[in-house]
Amino acid sequence: MRVTMDNDRAVSESIGFILILGLVVGSIGLVTLYGYPVLLKEQSTTDVRNMERAMIVVQNDLKSLCYKNVPYKETSLQVSGGTLEVINASSAAAEKFRVSNATGVVAEVKLGRLEYRSDRENYVITLENGAVMKRQADQTGSVMLAEPRWFYDPPTRTFVVYLITFNTTEYMSKTGVGAVKMSLPQKVTLVDDDPGTVTVEYTGGDYSTAWRNYLTSPSVGMAETDPNTYENTTPVDRLVVKVYDVWVHDI
Amino acid sequence: MEGLNEEGQWIVLMGLLVAVAMFFLALIVNQSALVGQTTAEGVLEFPKNDIRDLRTEIFDCVDEFGDTVDADVKKDIVVISLERKNAVVDFSVDPEVEISGGRWLHPVKIHYNNGVTVYDETVYY
């Protein structure tokens, strides 16, 4: 015998509606609770990554200023999710490089820097002395994203050091769309034809790890003798120190 | 449900396919910006004209002095390269040697290094 199941007695439209509504409200609640923070984090990570690229663009401008005899450069960039500021070379917060030969100090330069601080993420991205570096705020570690152009030329035994300072007339910081305007009014070339042992000393501290990794890498080939003090491991017949005073007019 | 026509379902499926395709395209576009930048930098950073200028200067030097290049002229070339082009250069001109075909030419060794590009050449001029 065939049993027909066409029985609608336990079917209620309102229970169905409540179930569906409950599912919808529950999903919205889950997305708000877990999804939204993930989206926000993703956004700030993207901001930091965009700023890394923007800093490398500014670094390219700096290369044009210093190495290609371009007197003035201007780049628009968008600073989002944080603040970009210029730290003047003469300020107390500026870090310092001292280059010495066997007899004494050849150049001692306070650098100044362009610094981006993220609001939500803990990252700081910096353009200092032609290098783009990144670190976590209040931590000792740091990493170099784009290297400067110091080099040792083995056939001529020439060691070339570039020191780039950032100077401003006033304190500057920026959030949103801005234009980094830089000019190079003067540069100084110091050549030493018998330097003996070349010593480079970095004082300041925030980016000491990044500079250590760079200076002791094979492309530069120095060795750390004291904390933040580096000496050439290969004989240097000629030391060239180029000091560029870059002026930042606006960001 | 009897009267329902299901022949339009492929439209929905195509929509899904397009969405997946867009996702992967977006990934590729995201990467290509980076690749484009590094390639463009690689081309721009190669100092072709600087090396050409240097070679021309050195060949003029050889025309003028032969294998006994004036020390001051050589020093000038080295200093000007360093000051204007940020390049460490060195060159030497040896006495003429016979190369195939019975021609006597100077072997000229040129060394150029600007920290990014290292260029070494021995050319018979």
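Me: What covers the buried residues of α2(B)?
Reply: The model discussed here is a predicted one. In α2(B), the buried residues are Ile51(B), Leu54(B), Ile58(B), Phe59(B), Cys61(B) and Val62(B). Their cover includes elements of chain B, namely α3, β1, β4 (107-113) and β5.

Me: Within what arc do the buried residues of α2(B) fall, seen down the axis?
Reply: An α-helix has 3.6 residues a turn, so residues three or four places apart point the same way. The buried set of α2(B) includes Ile51(B), Leu54(B), Ile58(B) and Val62(B). These buried residues line one face of the helix, because seen down the axis of α2(B) they fall within an arc of 155 degrees.

Me: Which exposed residues does the face of α2(B) turned away from its buried side carry?
Reply: A residue counts as exposed when its relative accessible area is over 50%. On the face of α2(B) turned away from the buried side, the residues that are exposed are Arg52(B), Asp63(B) and Glu64(B).

Me: How far apart are the end C-alpha atoms of α2(B)?
Reply: The helix α2(B) has 18 residues, and at 1.5 Å a residue these should span 26 Å. The positions of its end C-alpha atoms agree with that expectation, for their separation is 26 Å.

Me: Which residues of α3(B) are buried, and what arc do they cover around the axis?
Reply: The buried residues of α3(B) are Ile77(B), Val78(B), Ser81(B) and Leu82(B). They lie on the same side of α3(B), because the arc they cover around the axis is only 120 degrees.

Me: Which strands of chain A are included in what covers the buried residues of α3(B)?
Reply: The cover of the buried residues of α3(B) includes α2 (48-65) and β1 (88-93) of chain B. Chain A also takes part in this cover, with β10 (172-192) and β14 (238-250).

Me: Which residue has a side-chain oxygen that reaches the backbone nitrogen of Asp72(B) at the start of α3(B)?
Reply: Asp72(B) is one of the exposed residues on the face of α3(B) turned away from its buried side. Its backbone nitrogen has a side-chain oxygen within 3.2 Å, and that oxygen belongs to Asp70(B).

Me: How are the rings of Tyr67(A) and Tyr162(A) arranged, stacked or tilted?
Reply: Over all chains, the structure holds eleven aromatic pairs. In the pair of Tyr67(A) and Tyr162(A), the ring centres are 4.8 Å apart and the planes stand at 55 degrees, so the arrangement is tilted.

Me: Is Tyr162(A) buried or exposed?
Reply: Tyr162(A) lies in strand β9 (residues 158-167) of chain A, 95 residues apart from Tyr67(A) in helix α1 (residues 13-67) of chain A. A relative accessible area under 20% counts as buried. Because Tyr162(A) has 1% relative accessibility, it is buried.

Me: How are the rings of Phe59(B) and Tyr125(B) arranged, stacked or tilted?
Reply: The ring centres of Phe59(B) and Tyr125(B) are 4.3 Å apart. Their planes are at 5 degrees, so the pair is stacked.

Notes: Residues numbered from 1 in each chain as written. Chains lettered and ligands numbered in written order. Predicted model: local features only at pLDDT ≥ 70, side-chain atom pairs only at ≥ 80, totals over all residues. Heavy atoms only, no water. Buried < 20%, exposed > 50% of the residue type's maximum accessible area, 1.4 Å probe, protein only. Helix = DSSP H or I, 4+ residues; strand = E, 2+ residues; numbered from the N terminus. Arc of directions from axis to C-beta. Contact = heavy atoms within 4.5 Å. Polar contact = N/O pair within 3.5 Å; in protein donor to acceptor, adjacent residues only side chain to side chain. Phe/Tyr/Trp six-rings, centres within 6.5 Å; stacked < 30°, edge-to-face > 60°. Expected span 1.5 Å × (residues − 1).
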